[in-house]
Amino acid sequence: MIELARSSVQTWECDQMGHMNVQFYVEKSSDAIAALLLTCGLGTRHLAQSGRSVEPFDTHIRFLRELRPGTPYFLRGGFIGWDMMALTAYCELVQTVSGEVSASFVTKLRSLDVHSRKPHAFDDGVLAMAAHNKVELPVHGAARGLTLDAPRETAPSMADADQMNLLRTFQGVVKPQECDATGFMQPRFFMARVSDAIPNLLVQTSGRDRGADTKVGGAALEYRFIYRKFPRAGDVLSVRSGLRSLGTKTYVWAHWLIDVESGEAVATSEAVAVAMDLTTRKAIALPDDLRSRLEPLVIPELTI
């Protein structure tokens, strides 16, 4: 793998759990992917001149270790797959001092015409350069708690969410500063919406106020995002959430990020999460009272 980015964890990137928030993992992986695309001749200036952009459409993330404030890290990676219509990038975030991998990212990328938003094929030169940076998917980068089945062909709608009684966990407007140079919302802020939804999800399903609980928190182990459309500044987005499955320690939530004006999902995601002891920083079994409240909420047919 080649090195793609290097930095350190800032205090303002950390949440109430005391570790770097999931949205910033996505931001760091986006930085790494931008550097990786440069090795294929797909820099921002070249893309702008050709009227194209390269954007993710399917991302799988594993969170392997916490990142605490001040921790130095770097990202490395390469390509694990490529064809005319998609490049599949692999990146991992490594703690500089320990050498331990804190997160892995498998991201499928496509080229789009900036104006029509229609897919544009990668040329042979790009594919040849991607092959030059070929890497193998390591075991720690493979899916574990998620199956990575093909996503649903058509985007779910607000009507679908209402029919399934999905919980209303977030609603807000896309800000100009959340958009990239082409005017579309950056990947980080898809994850930010879901992250911001979680405290509302918890209080609706368990009565727990995460901000007031100093003993038990939570952590994501794995995420998958299907990016369907990229919103623009001013779009109103709503997150609708539901519980897919419940295990001894883990539970899987699905989240639909819906454009309120069109009524269609712009992204769908699922996440494996655990309860965490905030003193020992270890995963713990779901408390019995929480399990009893969650069991009736499981929707096995909920898909992304």
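Tutor: This is a predicted model, and the secondary structure of its chain comes to six helices and twelve strands.

Student: What makes the chain as compact as a globular protein of its length?

Tutor: Its radius of gyration is 19 Å, and the globule rule gives 19 Å for 304 residues, so the chain counts as compact as a globular protein of that length. In extent, the C-alpha trace spans about 60 × 45 × 35 Å along its principal axes.

Student: How much of the chain counts as buried?

Tutor: Of the 304 residues, 51% do. The cut-off for buried is under 20% relative accessible area. As for the surface, the chain exposes about 13900 Å², and carbon and sulfur atoms supply 52% of that.

Student: Why is Met 1 called partly exposed?

Tutor: Buried needs under 20% and exposed needs over 50%. Met 1 has a relative accessible area of 45%, so it is partly exposed. Met 1 is found in the segment before strand 1 (2–8). Leaving out residues up to four places away in sequence, Met 1 touches Arg 76, Gly 77, Tyr 90, Glu 92, Val 135 and Pro 138.

Student: And what makes Glu 3 partly exposed?

Tutor: The relative accessible area of Glu 3 is 47%, so partly exposed is the label here too. Glu 3 lies in strand 1.

Student: How do you know that Glu 3 touches Arg 76?

Tutor: Contact means heavy atoms within 4.5 Å, and Glu 3 touches Phe 74, Leu 75 and Arg 76, with residues up to four places away in sequence not counted. Glu 3 and Arg 76 are 73 residues apart in sequence, yet 4.2 Å apart in space, C-alpha to C-alpha.

Student: What share of the contacts with a separation of 6 or more comes from residues 24 or more positions apart?

Tutor: They account for 75% of those contacts.

Student: Which residues touch the most other members of the largest nonpolar core?

Tutor: Leu 42, Leu 87, Leu 93 and Phe 190 do, in a core of 55 residues. Helix 1 (residues 22–38) gives the most to this core, with eight residues. Apart from it lies another core, of eleven residues, among them Met 158, Ala 161, Trp 256 and Ala 265.

Student: Last one: how far apart are the mean positions of the positive and negative charges?

Tutor: They are 2 Å apart, for 33 positive and 35 negative charges.

How values were computed: Residues numbered from 1 in each chain as written. Predicted model: local features only at pLDDT ≥ 70, side-chain atom pairs only at ≥ 80, totals over all residues. Heavy atoms only, no water. Helix = DSSP H or I, 4+ residues; strand = E, 2+ residues; numbered from the N terminus. Rg over C-alpha atoms; globule rule 2.2 N^0.38 Å. Buried < 20%, exposed > 50% of the residue type's maximum accessible area, 1.4 Å probe, protein only. Areas by Shrake-Rupley, 256 points an atom, 1.4 Å probe, with all protein chains shown as cover. Lys, Arg positive; Asp, Glu negative; His and termini not counted. Charge placed at Lys NZ, Arg CZ, Asp CG, Glu CD. Core = buried A, V, L, I, M, F, W, Y, C linked by side-chain atoms within 4.5 Å.
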